Amino acid sequence: MSSKYLELCTKSQLDDYFAEFGGTEESVQNDVKYLKEWMRQQPHLPNIEDEEWLTNFLLRCKNSLERTKKALERYYTTRVTMPEVFQDRDPCTKEIKELSKRCCLIPIPKLTPEGHRIVIFKIFEKGNSAPNGDLIIKATQIVSDYLMKVDKNRGLIVIMDYENINMNYITMMFSMIKQYITLVTKATPYRYHKIYFVNIIPALEPLFTIVMRLLKSKLVERITMWKEKSTKLYTVLPKELLPEKYGGTYEKTFEELRDLFFEDIASKQDWFISDEKNKADISKRPADHPFVDDDSSNYGVEGSFRKICLD
């Protein structure tokens, strides 16, 4: 599947990604054929013939077949255990369109020189209300699956911008912490290079204390937080890839990027609707399956606590 919005990696960059984990284009193709056959042999998993999709899973699992199999098991099982996220995923619904005007997750079209993809979560409006939490998670997963389908990168650089947040948002976020962390750290195998929380207000600090307790220490070490009005993103990320609001020189505003991105998401409507049928049938999973004890509602998100430092 092509993308009119994203500038995708070059052949040279892709070869570098394969080589990073000891692979080649030929070896990856052979591994994808193996994964297709392995899925056919799993009575509880859908038969996925999409080689592009499986290649992206393999890349995000560092070219490890065992990690990829476990990731596929988790992902398609989560589609059953979290139906509120994976059902009725038409990206062109009125609810999704309206949500994108209030808050959304948007990738920057260009990759960094190192091959990372910057994605930004932003709240656009000030006010006292907050969107439905389940709808936010559903929309986030739509973006996540879009990237899994079309994008090959060396990892994500995530910017979570909490400017314009209000207490109703914060209350809503408390209610969805574990569900959200399960999705973004376990259900979909993304590699996180860096995570930046910006425009942090004091009311958010108890929330992030809980978040840090739930995350594994390796991921906690990749998180940087900046208090309200102290955003320093232009000092750590390429200015040419940041909108002007963050001290960058990118030629489009974030609002323009949002509209272009969701136009491309909408063009994939048929894929999202047809893909909805692909999910596990847990009743058919063999009792001796190696992942039978890997409960998709937990996935070991509980991690070591690390002190939160706010610059």
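Reply: Let us begin with the lining of the largest cavity, whose residues divide into 28 nonpolar, five polar and no charged. Please keep in mind throughout that this is a predicted model.

Me: OK, what volume does the largest cavity have?

Reply: The volume of the largest cavity comes to about 640 Å³, and 33 residues line it, with Met160, Tyr162, Tyr180, Val184 and Phe197 lying nearest its centre.

Me: Which element gives the most to that lining?

Reply: That is α9, which gives six residues to the lining of the largest cavity. The elements that each supply at least two residues there are β2 (116–123), α7 (133–150), β3 (155–161), α8 (167–175), α9, β4 and α10 (205–214).

Me: How many cavities of 30 Å³ or more are there?

Reply: The structure holds three of them, and the second largest cavity has a volume of about 80 Å³. Its lining is made up of Ile96, Leu99, Ser100, Cys103, Cys104, Leu105, Phe121, Ile136, Ala139, Thr140, Val143 and Phe262. By type, the residues of that lining divide into ten nonpolar, two polar and no charged.

Me: And where do those come from, in terms of elements?

Reply: At least two residues each are supplied to the lining of the second largest cavity by α6 (94–102), β1 (103–107) and α7, and the largest share, four residues, comes from α7.

Me: Switching to the open spaces: how much space lies in the largest pocket?

Reply: About 730 Å³ of space lies in the largest pocket. There are 27 residues lining the largest pocket, and the closest to its centre are Arg67, Thr185, Lys186, Tyr190 and Arg191. Two or more residues of the lining are given by each of α4 (65–81), α9 (177–187), β4 (192–200) and α11 (217–220).

Me: How many of the lining residues there are charged?

Reply: Eleven are charged, alongside eleven nonpolar and five polar residues in the lining of the largest pocket. For the lining of the largest cavity, by contrast, the division was 28 nonpolar, five polar and no charged.

Me: What about the second largest pocket, what lines it?

Reply: The second largest pocket holds about 210 Å³ of space, and its lining consists of Lys4, Tyr5, Glu7, Pro109, Tyr250, Glu251, Lys252, Leu257, Leu260, Glu263, Asp264 and Ser267. Those residues divide into five nonpolar, one polar and six charged.

Me: Let's step back to the whole fold. How many helices and strands are in the protein?

Reply: There are 13 helices and five strands. The radius of gyration is 19 Å, close to the 19 Å that the globule rule gives for 311 residues, so the protein is as compact as a globular protein of that length. Along its principal axes, the C-alpha trace spans about 55 × 40 × 40 Å, and 53% of the 311 residues count as buried.

Me: Is helix α3 buried or exposed, and why?

Reply: Helix α3 (residues 51–60) is largely enclosed by the rest of the structure, because eight of its ten residues are buried. The buried ones are Trp53, Leu54, Thr55, Asn56, Phe57, Leu58, Leu59 and Arg60, and what covers them includes α1, α2 (25–40), α4, α7 and α13 (269–275).

Me: Last thing, the start of the chain. What does Met1 touch?

Reply: Leaving aside residues up to four places away in sequence, Met1 touches Glu52, Lys149, Val150, Lys268 and Trp271. Met1 has its place in the segment before α1 (11–20), and counts as partly exposed at 29% relative accessibility.

Conventions:
Residues are numbered from 1 along each chain as its sequence is written. This is a predicted model: local features need pLDDT of at least 70, side-chain atom pairs count only at pLDDT 80 or more; totals for chains, interfaces and linings use all residues. Side-chain values use heavy atoms; hydrogens and water are left out. On a 1 Å grid over the protein atoms alone, a cavity is a set of points where a 1.4 Å probe fits but cannot get out, and a pocket is an open set with protein on both sides within 12 Å along at least five of seven lines; lining residues have an atom within 4 Å of a point. Grid points are joined across faces, edges and corners, and a volume is the space filled by probe spheres set on the points. Ala, Val, Leu, Ile, Met, Phe, Trp, Tyr, Cys and Pro count as nonpolar, Asp, Glu, Lys and Arg as charged, and the others, Gly among them, as polar. The radius of gyration is taken over C-alpha atoms; the globule rule is 2.2 Å times the number of residues to the power 0.38. Buried means under 20% relative accessible area, exposed over 50%, partly exposed in between (1.4 Å probe, protein chains only). Contact means heavy atoms within 4.5 Å.
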